[in-house]
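Good morning, and thank you for joining.

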Amino acid sequence: MLTNSLIELDRQHLVHPVSSFRGHEARGVRVLKSAKGAIVRDSEGRELIDGFAGLWCVNTGYGQDSIVEAAARQMRELPYATGYFDIGAEAPIRLASELADRAPGDLNHIYFTLGGSDAVDSTIRYIRYYWHAKGQPNRDQFISIEQGYHGSSTMGAGLTALPAFHDGFGAPYAWQHKISSHYVYRNPVGTDPQAIIEASVAELRAKIAELGEDRVAAFYAEPIQGSGGVLVPPTGWVKAMRDVCAEYGILFVADEVITGFGRTGPIFACLEEDIVPDLMTVAKGLTAGYAPMGAVFMSDSVYETIAQGAGPKAVGHGFTYSAHPVSAAVALEVLRLYEGGLFERGIEAGKRLMAGLEGLRDHPLVGDVRGRGMLAAVELVVDKEKKTPLPAEVQPATRLLDRAWEHGLIVRSFPQGVFGYAPPLCCTDDEIDQIVERTRRVLDVTL
Ligand code: PLP
């Protein structure tokens, strides 16, 4: 009964993010009630394995009491402090320092946001400030990658290259440009890693030449493209793109909103790519979903340039909830848990997940298996030889998602017929095996 009335209230009043305004009316929203570790319970009492850590964010797993206590302590002591006008609070100051210690290279300056979209949006504004301060205001063209996702703020949605985020209005704007994705499984140059890297480098150079070397402000890349379908570039691809940007003096922005905080193994994926970006964005795993928070990391030179340009004037960018003390207290505790064994557990669980998913290659519908650490995907096809995608009526994300749900598994599905996995790092071996096993069962009843 309770569920029915909630479903009705939901239909009438709650606008859901990235959901059909009509789609949920037929079936009704699924209401989650409680969770512990990697297991969530819905309002019908059904237990599901959360193979997607909420939305690639609950990296610690659910029900971590010490995080709850850290938040409660901070709320009692000081629930809010503005960061405006040179006021601050202890938790965000400590968090910025801890993160700077762990960040690649000289990414020593950190601006806290409420999530990933506003972190990306903030980079656009800081980059514009940067080029003005450098005396090159004409560097106002931005390049990102097809299949990339950089959030859905008004400006960030234009760096995002998924059509659903653009339909019906102006984005991407005229100053936002794209180059092709590395998408190894479906790359027109074939699957050879070196050929893919060379093609991407050539395309980036050509795009820079087309726009004008002195016009390009920044290039954005996810170390692994997440919402585009978990697209893992060949080893060396990220570094090759970073090197092209350095050659032309273009700022390289690494969007680690998904890949940060142990998702692929290390705290930041850039560390295993052996690159230092000029700016980096994070969110999700920063607070493991227990409170909203994102961050922009800036290198010494980006920060100093903006500082010099502004002089004693305020840099006009900020939100009421920037550097929120409760979110910062949560993030500090989350970091302690990661380094108290969760990163190691994630690496072990990730190996098991990848091995398990690789074992699905014998299934007639599995065209590709890819991933790194606890970030993975299985791409479904009806003809392996020709890589023919699933028929349109089976593809829609909700159809696959519904089937997985019936089998006690939460995964994400992407429009081209891809299952995505991002389980909490705390998953037990048995839970990992169940994720794989339940996927096989879902595949057996697909088509
Ligand atoms: N950047 C990347 C790479 C993301 O995957 C996401 C969200 O999935 C975002 C930015 C936007 O983050 P948020 O949803 O917290 O606004």
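Let me begin with a pair of residues: Lys36 has Ile39 as its bridge partner in strand S2. Please keep in mind throughout that this is a predicted model.

That pair belongs to an antiparallel pairing, in which strand S1, residues 32-36, is joined to strand S2, residues 39-42, by four bridges. Two residues lie between S1 and S2 in this hairpin, and Gly37 in the turn has a positive phi of about 60 degrees.

S2 and strand S3, residues 47-50, run antiparallel and are joined by three bridges. Here Arg41 has its bridge partner, Glu47, in S3. This second hairpin places four residues between the strands, and Gly45 adopts a positive phi near 90 degrees.

What is the order of the strands in the open sheet? The four strands are arranged as S1-S2-S3-S14, with mixed pairing. S1 and strand S14, residues 409-410, each have a single partner strand and stand at the edges, so one side of each has no neighbour in the sheet. The parallel part of the pairing is between S3 and S14, which share two bridges. In this pairing, Ile49 is found opposite Leu409 of S14.

I turn now to the domains. The domain assignment divides the protein chain into domain 1, covering 2-63 + 341-444, and domain 2, covering 66-337. Their C-alpha centres are 26 Å apart. Domain 1 contributes 28 residues to the contact, and domain 2 contributes 20 residues. On the side of domain 1 that touches domain 2, at least two residues come from each of helix H3 (53-56), H12, strand S11 (366-372), strand S12 (375-383) and strand S16 (418-421). The greatest contribution to that side is made by H12, with five residues. By residue class, the side of domain 1 that touches domain 2 comprises 14 nonpolar, nine polar and five charged residues.

Which residues touch the most other members of the largest nonpolar core? They are Phe219, Ala295 and Val330, in a core of 124 residues. Helix H12, residues 325-358, provides the largest share of this core, with 14 residues. Domain 1 and domain 2 each supply at least three residues to this core.

We come to the ligand. It is surrounded by 15 residues, of which Gly115, Gly116, Ser117, Gly151 and Val257 are the closest. Helix H6, residues 116-133, gives the largest share of this shell, three residues. What is the make-up of the shell around the ligand, in nonpolar, polar and charged residues? There are five nonpolar, eight polar and two charged residues.

Finally, a single residue in helix H13. Leu401 is part of this helix, which covers residues 397-406. Is Leu401 buried, exposed or partly exposed? It counts as partly exposed, because it has 19 C-beta neighbours inside 10 Å, and a buried residue requires 20 or more. Leu401 and Arg186 are 215 residues apart along the chain, and their C-alpha atoms are separated by 23 Å.

Thank you for your attention.

Key
Residues are numbered from 1 along each chain as its sequence is written. This is a predicted model: local features need pLDDT of at least 70, side-chain atom pairs count only at pLDDT 80 or more; totals for chains, interfaces and linings use all residues. A residue is near a molecule or strand if its C-beta atom, placed from the backbone, lies within 6 Å of it. Ala, Val, Leu, Ile, Met, Phe, Trp, Tyr, Cys and Pro count as nonpolar, Asp, Glu, Lys and Arg as charged, and the others, Gly among them, as polar. A nonpolar core is a set of buried Ala, Val, Leu, Ile, Met, Phe, Trp, Tyr and Cys residues joined through C-beta atoms within 7 Å. A residue is buried if 20 or more other C-beta atoms lie within 10 Å of its own, exposed if 12 or fewer, and partly exposed in between; C-beta atoms are placed from the backbone. Domain bounds come from an automatic or database domain assignment. Two strands pair if DSSP finds at least two bridges between them. Two residues are in contact if their C-beta atoms, placed from the backbone, lie within 7 Å.
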